[in-house]
Amino acid sequence: MRFAFAGIDFLGDVFETLVARGWEPVKLFSRPCDGIYDFNDVTVARARALRLPIQMSRILPADLAGLKALGCQALVVAGYPWLVTGWERHLPFAFNFHPSPLPMGRGPYPLFQAILDGHPEWGLTVHRLEPAFDTGAIVTQTRFSLSGTETHDTLLAKCQIAAKEISVQLAEDLPRLWDEARPQGPGSYWPRVTQAQRTIHWTGSVRDVMRTIRAFGSIEAFAQIESRYVYVWEATGWEEPHRYRPGTLVHKHRRHMVVAARDGFVQITGWSPYAPGPARGK
């Protein structure tokens, strides 16, 4: 199967898996990344090693016609921000990898919200491209359980592992899976999380605080500790009655800080006064 890939390193293993299974890549479509929260250096380097043409701008109708001229049979989308329409005139297959158990969790990046809402189960879906984001018929889907201590980083890893496994299915049996695709029906759209959702609120319970920290993981939650603002990626907490005002810095040892929440304490062990950036090696 000759295919084009549209995506970044977020689900770059999809590209590698299809190549390893004998699919022939003809072009990479990617996008500029900030090198902080998203990356494409591995995928771009791999495409260059394969001597593929690389396009960093949005896919337009002329690009789809160009894929047809290259004998491309499938457009594989994974971590690509722009809507692709009109592909039906040029390609037999075009599908997207979405990190949610569709039709629940449509939207740009539902992983944070999945943990904030405490979902016990999650999944990854491959769906046909449609004129609206994340609404196409489901080609294949896998689901997996989430633990009570799930973090953004463990959930992302589970989605990436699932994407690799699904890629094997697609490489071996795409025409049948495509023909058996089932409509999604009504679903839910989750917008990008807000700054307020990313902020630790010390007036909440220890459980609430820890859920916020887990939901963002290495992407980091935002907190005010007395007059100081910090970015937090690692902490532990415990419930204990106390008389401290929530948000009080109760104890500090070296870089570890213990802060009062409504019903206990949170010990922050991974934090920085600076926003994430390449200089921090994040």
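UniProt positions are given in the numbering used here, and annotations may be inferred rather than shown by experiment. The model shown in every view is predicted.

**View 1. The region annotated by UniProt at residues 193-269.** An unreviewed UniProt entry assigns residues 193-269 the feature "domain: Formyl transferase C-terminal". Within this stretch the chain is 44% strand and 19% helix.

**View 2. The open sheet of seven strands.** The strands follow the order S3-S2-S1-S4-S5-S6-S7, and their pairing is mixed. Strand S3 (54-55) and S7 form the edges, each pairing on one side only. S5 and S6 run antiparallel and are joined by four bridges. Phenylalanine 97 has valine 126, in S6, as its bridge partner. In general, the strands of a sheet pair through backbone hydrogen bonds, in either a parallel or an antiparallel manner.

**View 3. Helices H1 and H3 against the sheet.** Helix H1 (residues 12-20) packs on the sheet, where it touches strand S1 (2-7), strand S2 (24-29), strand S4 (74-78) and S5. The direction of H1 makes about 165° with that of S1. Helix H3 (residues 61-69) also packs on the sheet, in contact with S1, S2, S3 and S4. For H3, an angle of about 165° is formed with the direction of S2.

**View 4. The cis peptide bond between leucine 102 and proline 103.** The bond from leucine 102 to proline 103 is cis, and its omega is near 15°. Proline 103 belongs to the loop that links strand S5 (93-98) and helix H4 (111-116). Most peptide bonds, by contrast, are trans.

**View 5. Aspartate 134, a residue with positive phi.** Phi of aspartate 134 is near 60°, a positive value in a residue other than glycine. Most residues other than glycine have a negative phi. Aspartate 134 is located in the loop between strand S6 (121-128) and strand S7 (138-145). Because its relative accessibility is 7%, aspartate 134 counts as buried, the cut-off being under 20%.

**View 6. Arginine 254, a residue with positive phi.** Arginine 254, likewise a residue other than glycine, has a positive phi, near 50°. The loop that holds arginine 254 lies between strand S10 (249-253) and strand S11 (256-261). Arginine 254 has a relative accessible area of 72% and is therefore exposed, the cut-off being over 50%.

Note on methods: Residues numbered from 1 in each chain as written. Predicted model: local features only at pLDDT ≥ 70, side-chain atom pairs only at ≥ 80, totals over all residues. Heavy atoms only, no water. Helix = DSSP H or I, 4+ residues; strand = E, 2+ residues; numbered from the N terminus. Buried < 20%, exposed > 50% of the residue type's maximum accessible area, 1.4 Å probe, protein only. Pairing = 2+ DSSP bridges. Contact = heavy atoms within 4.5 Å. Axes fitted to C-alpha atoms, helices over the stretch in contact; angles between N-to-C directions.
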